[in-house]
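Here is a short note on how the parts of this assembly meet. Please read the points with the structure open.

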Protein chains: 4
Amino acid sequence: MAAASGPQDIGRLVVSCPDQPGIVAKLTQLLGQHGANIVSLDQFTTGPEDGTLYQRTVFHLPGYAARKESLEADIQTKLAGPLDMQWKLTDASKRKRVAIFASKTDHCLLDLLWRHRRGEIPMDVVMVISNHPDLADQARPFDIPYFYVPVTGDKKEAERKHLELLNGNVDLVVLARYMQIISAEFLDEVEVPVINIHHSFLPAFIGAGPYQKAKDRGVKLIGATAHYVTKDLDEGPIIEQDVIRVSHRESTPQLMRFGADVERSVLSRAVAWHCEDKVMRDGNTTIVF
Amino acid sequence: MAAASGPQDIGRLVVSCPDQPGIVAKLTQLLGQHGANIVSLDQFTTGPEDGTLYQRTVFHLPGYAARKESLEADIQTKLAGPLDMQWKLTDASKRKRVAIFASKTDHCLLDLLWRHRRGEIPMDVVMVISNHPDLADQARPFDIPYFYVPVTGDKKEAERKHLELLNGNVDLVVLARYMQIISAEFLDEVEVPVINIHHSFLPAFIGAGPYQKAKDRGVKLIGATAHYVTKDLDEGPIIEQDVIRVSHRESTPQLMRFGADVERSVLSRAVAWHCEDKVMRDGNTTIVF
Amino acid sequence: MAAASGPQDIGRLVVSCPDQPGIVAKLTQLLGQHGANIVSLDQFTTGPEDGTLYQRTVFHLPGYAARKESLEADIQTKLAGPLDMQWKLTDASKRKRVAIFASKTDHCLLDLLWRHRRGEIPMDVVMVISNHPDLADQARPFDIPYFYVPVTGDKKEAERKHLELLNGNVDLVVLARYMQIISAEFLDEVEVPVINIHHSFLPAFIGAGPYQKAKDRGVKLIGATAHYVTKDLDEGPIIEQDVIRVSHRESTPQLMRFGADVERSVLSRAVAWHCEDKVMRDGNTTIVF
Amino acid sequence: MAAASGPQDIGRLVVSCPDQPGIVAKLTQLLGQHGANIVSLDQFTTGPEDGTLYQRTVFHLPGYAARKESLEADIQTKLAGPLDMQWKLTDASKRKRVAIFASKTDHCLLDLLWRHRRGEIPMDVVMVISNHPDLADQARPFDIPYFYVPVTGDKKEAERKHLELLNGNVDLVVLARYMQIISAEFLDEVEVPVINIHHSFLPAFIGAGPYQKAKDRGVKLIGATAHYVTKDLDEGPIIEQDVIRVSHRESTPQLMRFGADVERSVLSRAVAWHCEDKVMRDGNTTIVF
């Protein structure tokens, strides 16, 4: 599923456009004309009629850095224009710059930092921001700056501080059990995707206290959901979900503990896939190649 | 998990009562005094204080049929009275009498009938009732009476017919994708538990069209839920749930097909556990031993 | 995962060849020149150097039946020759002709026949062959010819009878818990793929009595494996596997019963994928698109 | 499944003996006479005839510490003698003292240390021993002594050093991907259980290089197994296993990475269950309550 950090000269072309005959041929031919060899190609069309085509093509192109500009120009004029195509061309050797927001629980933050250190996820974690100082000691061994930004009274002030810290210099914000609702204004201004982990199998148990709700309802599986954050709480496009079996024997604190294992693995998978340009949004759902 | 049909001389004592010290000792001692040897014992207390104790004890008692009455008398006077205990004593060799309600889709009905024929579930299926004639041919090889009771206009008439057919002569009603809402009056009059299979991971996607709702929400797992039917639609105590992984590639009809496999296995497990006296209700949740 | 029966004018081109730049472009361009629109495309290369490329391309081509011959000619001369390519072009509307071999246990056979009747697997089951008469009654409602071919003493005679019945007229043989070892001679002469379901998680518990072996070893999961049959018992390329959780509580007969549920679903998935031309052999392993 | 650290006055009585009528009653009655209230009771008999009974009883006994000795005396004379019973009485407030052996890979070690710090597992990690210095930095934030004991040439010398460090002062040794074969002599002398994590779904892929073997065999699931170490390599009683789905797409290094997630969770569960006295050996298998 995931080569951690792309080697040299590997590019990724991610596109979407109204479906019509010949798109794959045109796209792969254009890549070929520029000297690229296709490493992998994933493609999906949402429907037989009036469908949208989504495609992710990974290719090897010797001297990619020097030739990228010319390739971009051709994609724009020969494909994007005629085919009404949205597109993004990335360089697998350029890791995504990520800011992680955390609160007091450590499991999601630690799992991301640990995978980062092992090189499992092609990202550079550039900072951790928390509304509590508690996790600073745990982040320290990973050599990541830790900013304590209390959220008291007026949340706007904290968010202004967040934007100053981010400073337009990250590609992704990850809410690793941050436990604060993000304002619509922040989402507008941050201008990069924000991934959240919700501690239930959405759309079940939206909002606060999902493990207690799960206990009260007597479900036999509990889960976690990683999704892009939108202005509607817990309603954004789902990237990944998973569940674990429980029974009447588990108390709510035990559900929380078991659920933590699901949360950390679901969030780490979602972040890895995002950083590998594998996730595309289709309305309020996702295509994950 | 499931001995299909209990051998001779195996009894099951299922009890619940306010927790206090000494209950297990008193109960096992009384069984011992009657000559019973404990085969298995499951026990659970809902909380350290003011908790309710639930216990299921399976025992071997030579000549059980002849000695059951005397055992019942002692349980009532020596345990149930002093301990404020709800209890049920069953005979593993007596299979539950089950009526299955179906509609047009065959997967849940057939899975139950297959398992019944193989002796996997300790039940006798005494009739199939359907609001459509479609599945009669499929039920025929199993030698089970199939009653076609159309539901048109006034549902009450159909339900009156159902009660006539059941005639107070079944221990359990199973809704195997019956697709009709059961009235509160029917539930009052049928006087036996009713198990339903809902085609989603409850409490997500309550009500009609759950697979379409799942497609629209873009979930990455779909599920099914077996529960006891209460007067609140899809809100009864959950007995069993399971899920299966899906992706953007599956259309709604494909979700329905994949989900059917989950539905049939979840329902069959729930019915088996019920027929083995393994399921106890605790408020709106279940204890499954 | 599975469109049951392909609609009209849908073709599938499945190829493998030594990897080199430009293959995807050449192939999709050639399809485009013949008027085909790509519906889905899956592609995989076994390694960066000296790798083998595997590709499955599903396309829509109006008037496919009439134009297939000309397409085949072009694939042979323009792709297969120059690229040293193995290829197969199939018609999604042509269902595979399948013979199922069974013995005495019904679960795998019934699951395949039931999915066949529902149209879930794009196959025509043309006969059931068994070394026992036991399942004839169960196959009858599905209107499939059932041939009882006892295997006594000299197995060669039974296999000669099998080949007469098959008569070169099937595309696939499925061993649905047939429980007899297939001779190398039969495999040579039948000339179509043979899929078997083994009742363990291979390579654990090769050979007879896997559930007893699993009980003795005390494993916490039991499984099933669908694989192509080769001359080495239980050593052929694995198509699909799955497992289910068990504990010390299950006796060997209960492991067999739980395992049966895994066997039937694993075998049905493997057969469906094969019939949709999704499975390619790569040495002694499989690529499943 | 697991209260991390037992509260005060909670005891656990774990017994096994030849099955006969009345054991549960006698045992629970004796506990009651000493003033204990049963919190949970799990019981299992290996077979209807000549079976062995295993039972784990958790009880609350006010003033347990002061009354334990008298309880032990009664268990020995009134139960263990007459019933030929093996037994162990533990105090839930006394955490097991654990030594972790590691090598160069961090995932199993860190997962145990994380859970230890969160109080998820009722253990005190008293030391980490490694044949490499690599993980010392990672263990340091947890304030656990880290001993680097190189294994070169004569393994006996390293093992002598290990025994000196352990000094008869631990209750459990955990091999967290230690990657060295433990000698029979060490097992004899250490006198406490040793739990190992093997990086495959045993009994598949015994010995070295299981992920490469899994890749070569083309399995569709990979797994991990936690087991007690015995003198036969990878043949000891299995405590826990789990698997994860893979496909042809994963290279061997990717299988190793995915497998690491399974290894760490399987090992952590096994260690937690052991520390809660939930695991009993039955020949070469385990009962896990």
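1. **Domain bounds.** The bounds used here come from an automatic or database domain assignment. For chain A, that assignment gives domain 1 (10–91) and domain 2 (96–288). Keep in mind throughout that this is a predicted model.

2. **How the two domains sit.** Taken over C-alpha atoms, the centres of domain 1 of chain A and domain 2 of chain A are 31 Å apart. Eleven residues of domain 1 of chain A are in contact with eight residues of domain 2 of chain A. The area buried between these two domains is about 770 Å². Carbon and sulfur atoms give 58% of that area.

3. Two salt bridges are counted between domain 1 of chain A and domain 2 of chain A. K88(A) forms a salt bridge with D277(A). The closest N and O atoms of that pair are 3.5 Å apart. The count of residue pairs in polar contact between domain 1 of chain A and domain 2 of chain A is six, both residues being at pLDDT 80 or more.

4. **Elements on the domain 1 side.** Three strands of chain A each supply at least two residues of the side of domain 1 that touches domain 2: β1 (10–18), β3 (52–60) and β4 (86–91). β1(A) gives the most, with four residues. By type, the residues of this side of domain 1 of chain A are four nonpolar, four polar and three charged.

5. **Chain A against chain B.** Here 34 residues of chain A are in contact with 34 residues of chain B. Together the two chains bury about 2,700 Å², with 56% of it on carbon and sulfur atoms. R217(A), K220(A) and H248(A) supply 26% of the area that chain A buries against chain B.

6. **Charges across A and B.** How many salt bridges does the rule find across the interface of chain A and chain B? There are four. R245(B) forms a salt bridge with D242(A), and the closest N and O atoms are 3.7 Å apart. Between chain A and chain B, 18 residue pairs are in polar contact, with both residues at pLDDT 80 or more.

7. **Elements facing chain B.** Four elements of chain A each supply at least two residues of the side that touches chain B: β2 (37–45), α7 (210–217), β11 (238–245) and β13 (285–288). β11(A) gives the most, with seven residues. This side of chain A divides into 15 nonpolar, eight polar and eleven charged residues.

8. **Chain A against chain C.** The contact takes 15 residues from chain A and 15 residues from chain C. Chain A and chain C bury about 1,100 Å² between them. Carbon and sulfur atoms hold 48% of it. N37(A), L41(A) and Q43(A) supply 36% of the area that chain A buries against chain C, more than any other three residues.

9. **Polar links across A and C.** The count of salt bridges between chain A and chain C is zero. The rule does find three residue pairs in polar contact across this interface, both residues being at pLDDT 80 or more. α1 (23–33) and β2 of chain A each supply at least two residues of the side that touches chain C. The largest share comes from β2(A), with seven residues. The side of chain A that touches chain C has six nonpolar, eight polar and one charged residue.

10. **Symmetry of A and C.** Which rotation superposes chain A on chain C? A rotation of 180 degrees does, with 0.0 Å of shift along its axis and an RMSD of 0.0 Å. The two copies are therefore related as by a two-fold rotation axis. In chain A, the C-alpha nearest the axis belongs to A25(A), 2.7 Å from it.

11. **Shared surface.** Of the interface residues of chain A, 100% are also interface residues in chain C, so the copies meet through the same surface.

Methods: Residues are numbered from 1 along each chain as its sequence is written. Chains are lettered from A and ligands numbered from 1 in the order in which they are written. This is a predicted model: local features need pLDDT of at least 70, side-chain atom pairs count only at pLDDT 80 or more; totals for chains, interfaces and linings use all residues. Side-chain values use heavy atoms; hydrogens and water are left out. Copies are superposed by least squares on the C-alpha atoms of residues with pLDDT of at least 70 in both. Contact means heavy atoms within 4.5 Å. Buried area is the accessible area (1.4 Å probe) that two parts lose on being put together, summed over both. A salt bridge is a side-chain nitrogen of Lys or Arg within 4 Å of a carboxyl oxygen of Asp or Glu. A polar contact is a pair of N or O atoms within 3.5 Å; within protein, one must be able to donate a hydrogen and the other to accept it, and residues adjacent in sequence count only if both atoms are side-chain atoms. Ala, Val, Leu, Ile, Met, Phe, Trp, Tyr, Cys and Pro count as nonpolar, Asp, Glu, Lys and Arg as charged, and the others, Gly among them, as polar.
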